[in-house]
Amino acid sequence: MVLAEIIQPSFLVQPNMKVYINGIGSVNAQQAGYTDNFLTEIQQTEQHSIRSIEPDYKAFINPTLIRRMGRIIKMGVASAKMCLNDAGVEQPDAILTGTGLGCIEDTEKFLGAIIQNNEQFLTPTSFIQSTHNTVGGQIALMLGCNNYNFTYVHRAFSFESCVQDAMMLLAEKAEQNVLLGGVDELTVNSLKLIERLGQLKNHPITSLNLLNYKTRGSIAGEGANFFVFSTKHTESSYAQLLGCKMLYKPENTEEITESLQQFLQQNKVQASDIDLVLYGYNGDVKYDRLYTEVKDKLLSKSSVAYFKHLCGEYHTSNSFAYLLAAHILKTKSVSPSILLDDKKRLVKTILIYNHYRGINHTFSLLKAC
Amino acid sequence: MSQLANELKTEIIKALNLEGVSPEDIENDAPLFGEGLGLDSIDALELIVLLDKNYGIKIDSAADGKAVFHSISSMVAYIESKK
């Protein structure tokens, strides 16, 4: 395999195979769960972070299990359960979880206990729950599911690695239901570290005006967004996924546009076919210019939308974009809250272009079904 | 006995994050594992650490642990016997 293939993994749906998003479950900053009236009421904040609106977890998780779960586990397990309910699937054929930082709340608890108790009296619960694959494991335990279970921890490629694995699994065996999702949590300490790294804005903000400041930094976010991918189209299918591509550390905009053009050609889609592009604009003037340059060079005829003012920046925030794209294609409506430039096109094909600090770039193509 | 039992119940509720359970809900003689509170093996490890950390008592063998952690009463009796 040549280096270019390693650093630009792209998976194409096989010619006779179609991949549909048949279920959605979410714990996000806009709504406790996901319903058809998603984004009818927009939540905004003047904080430098956006927290998820958490549902009553007892409706989704056995109360005896909840007591040991940290927030990320509760968010992940609940959204997975919502997703399976939505898709009408009891046992998925595979469970794929993507997380950039994993269960950091429990990691902090365990490490904090080591320091506070002078490396003695270490309790097992937070250690057990602190591993990255705890969310996927707890979903499997809840379902009694012994099928393929994998957790990807690849920073801002974590969710996309799940997407590609799901597509490969579906290509290997038709009529599968793959449960996959992206999940990350914010804690007090992680937010402090993000701030110290200079990744937050250092002035007062309002999240809905995120792109107006033209300054460095962004707002931090969290969330859990799960999907059921299947080769079977159902009446409740949200959208069809055409492909997903990752591009690692491109040197310049030309490399990005070239990679994107290849991706579109591989999927037999012209740039002019794309009705709406969901960009990962996060308000950081240093990195947002990449989106604008790609837009101006290649995607000037498409409507322009963004999403990180609604969910914040986190490693698996692209899963929120998938939720948004699927919602748009299913409901055939675009919330004015995400539109930057409306070309008044009927939205049948959506490109999601997201990158994390100019390092991890991802392209995803979805169309109406 | 009563004061120590209540103190122990409060500590157990906190350590095991027993949401919605108050000290009054835990009967002194009710089994902690299986029936009663329905605790499991991970909880047993938490209780071993709790006794060590809060009372300076180590459980030396699994057989002792089974008897000690049967109920609040048995735990209280064990703590008092070690004072």
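Which side chain makes a polar contact with the side chain of Asp52(B)? It is the side chain of Lys58(B), at 3.0 Å. The views below start there and then move across the model.

This is a predicted model, in which local features need pLDDT of at least 70 and side-chain atom pairs count only at pLDDT 80 or more, while totals for chains, interfaces and linings use all residues. Residues are numbered from 1 along each chain as its sequence is written, chains are lettered from A and ligands numbered from 1 in the order in which they are written, and side-chain values use heavy atoms, with hydrogens and water left out.

**View 1. Asp52(B) and its partner Lys58(B).** Look for Asp52(B) in helix α2 (residues 41-55) of chain B; helices (H or I, at least four residues) and strands (E, at least two) are DSSP runs, numbered from the N terminus. The pair with Lys58(B) is a polar contact, meaning N or O atoms within 3.5 Å, where within protein one must be able to donate a hydrogen and the other to accept it, and residues adjacent in sequence count only if both atoms are side-chain atoms. Asp52(B) and Lys58(B) also form a salt bridge, with the closest N and O atoms 3.0 Å apart; that term takes a side-chain nitrogen of Lys or Arg within 4 Å of a carboxyl oxygen of Asp or Glu. Asp52(B) counts as buried because its relative accessibility is 18%, whereas Lys58(B) is exposed, with a relative accessible area of 52%. For these labels, buried is under 20% relative accessible area, exposed is over 50%, and partly exposed is in between (1.4 Å probe, protein chains only). Leaving aside residues up to four places away in sequence, Asp52(B) touches Phe121(A), Ile57(B) and Lys58(B), where contact means heavy atoms within 4.5 Å.

**View 2. Where chain A meets chain B.** Here nine residues of chain A are in contact with twelve residues of chain B. The two chains bury about 1,100 Å² between them, 53% of it on carbon and sulfur atoms; buried area is the accessible area (1.4 Å probe) that two parts lose on being put together, summed over both. On the chain A side, Arg67(A), Arg68(A) and Phe121(A) lose the most area to chain B, together 57% of what that side buries. There are three salt bridges between chain A and chain B. One of them pairs Arg68(A) with Asp43(B), the closest N and O atoms being 2.9 Å apart.

**View 3. A salt bridge between distant parts of chain A.** Over all chains, the salt bridges come to 14. In this view, Arg71(A) bridges to Glu222(A), with 2.4 Å between the closest N and O atoms. Arg71(A) sits in helix α3 (residues 71-87), while Glu222(A) is in the loop between α8 (188-196) and β6 (223-230), 151 residues apart. Both Arg71(A) and Glu222(A) are buried.

View 4. Glu293(A) and Arg289(A) form a salt bridge, their closest N and O atoms 3.2 Å apart. Both lie in helix α10 (residues 285-298), four residues apart, about one turn of the helix. Glu293(A) counts as partly exposed because its relative accessibility is 27%, and Arg289(A) counts as partly exposed at 43%.

**View 5. Helix α4 of chain A and what covers it.** Helix α4 (residues 104-116) has 13 residues and reaches 18 Å from its first C-alpha to its last, close to the 18 Å expected at 1.5 Å a residue; the expected span is 1.5 Å times one less than the number of residues. Its buried residues are Ile104(A), Asp106(A), Phe110(A) and Ala113(A). Their cover includes α3, α5 (124-129) and α8 of chain A. Just after the helix, Asn118(A) takes a positive phi of about 55°.

**View 6. Ser319(A) and its neighbours.** Ser319(A) is in helix α12 (residues 318-331) of chain A. With 0% relative accessibility, Ser319(A) counts as buried. Not counting residues up to four places away in sequence, Ser319(A) touches Phe159(A), Gly182(A), Asn225(A), Phe227(A) and Tyr314(A).
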